[in-house]
Amino acid sequence: MILTDTHTHLYSESFIEDQDKMMQRAISSGVQRFFVPAIDSSYTDSMYAIEQKYPENVFLMMGLHPTHVKENYLEELQHVEKELEKRFDNHSDKKFYAIGEIGIDLYWDKTLLGEQQQAFRHQIRLAKKYKLPIVIHCRDAFEEVFEVLASEKSNDLFGIFHCFTGTIEDAQKAIDYNMKLGIGGVVTFKNGKINKFLNEIPLNHIVLETDAPYLAPTPYRGKRNESSYIVEVVRKLSEIYQLSIEEIARSTTQNSKDVFGI
């Protein structure tokens, strides 16, 4: 049984003391594929280090996280472009597998909405240039995210709506924009809401994620999350879809292959 964690911050400071043990727990649990999103330039070296340690398992993204869109965001976008050029234009044997995580976050600060929108659009266009999927971060910003997606909609725009927590209408709209839904620990929460309608969404639109070290599933809620805990998400989806754990693993891993191309 192969499990795929499509969104895990393996380089997080939360894992400094036990990164290797955390990875071994995940691999022992069946997680063989880890897709790692970027945040900003300060994490790039740490991302490359975990990729070098686990070259058969770890697949990197490149991008600027919306909560890290600050006054220097144009410099950060230049960094994103330079890293993409190093790997694609210079024909490196290493690649990025998505532009992410990108999007809009209005939970903490609404003052830089215009800059977040600009950064989101710019990175969508980079994804199209390099024929890559996007991985969307959306917090308190469904309307704003869908507005940008509408303006950029095309056959070559596709990806994952990371940590999906919206309504069924939001889910259907995301799918209409060629997005899979990233389902993680929230689906195990009593007040998570998405478990109420998820069985109405065909499984071919679903991928698994943890967003480790954040949003640990029940029974670990409130603790540090890690990729091995994705098994709890699989169990919940097995219950929701009335399918075996093996079928959930098989289908969601195939869906991740359809997005990332590997």
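A nonpolar core is a set of buried Ala, Val, Leu, Ile, Met, Phe, Trp, Tyr and Cys residues joined through side-chain atoms within 4.5 Å. Buried means under 20% relative accessible area, exposed over 50%, and partly exposed in between, with a 1.4 Å probe and protein chains only. This is a predicted model: local features need pLDDT of at least 70, side-chain atom pairs count only at pLDDT 80 or more, and totals for chains, interfaces and linings use all residues. Residues are numbered from 1 along each chain as its sequence is written, and side-chain values use heavy atoms, leaving out hydrogens and water.

In soluble globular proteins, nonpolar side chains tend to be buried together. Here the largest nonpolar core holds 76 residues, and L149, F161 and L237 touch the most other members. Helix α7 (residues 230-241) gives this core its largest share, seven residues. Helices (H or I, at least four residues) and strands (E, at least two) are DSSP runs, numbered from the N terminus.

Five strands form an open sheet in the order β4-β5-β6-β7-β8, with parallel pairing. Two strands pair if DSSP finds at least two bridges between them. At the edges are β4 (99-105) and β8 (206-208), each pairing on one side only. Strand β4 runs parallel to β5 (residues 134-139), joined to it by six bridges.

Helix α4 (residues 113-129) touches β4 and β5, and its direction makes about 155° with that of β4. Helix α6 (residues 168-176) touches β6 (159-161) and β7 (179-183), at about 135° to the direction of β7. Axes are lines fitted to C-alpha atoms, for helices over the stretch in contact, and angles run from 0 to 180 degrees between N-to-C directions. Contact means heavy atoms within 4.5 Å.

Next comes helix α5 (residues 142-152). Its buried residues are F142, E144, V145, F146, V148, L149 and E152. Their cover includes β4, α4, β5, β6, α6 and β7. Beyond its neighbours within four places in sequence, L149 contacts F120, I124, I134, I136, L157, Y177 and M179.

Last, a loop residue. S228 sits between β8 and α7. S228 counts as buried because its relative accessibility is 9%. Its side chain makes a polar contact with the side chain of E226 (3.0 Å). A polar contact is a pair of N or O atoms within 3.5 Å; within protein, one must be able to donate a hydrogen and the other to accept it, and residues adjacent in sequence count only if both atoms are side-chain atoms. Leaving aside neighbours within four places in sequence, S228 also contacts R25, A26 and S29.
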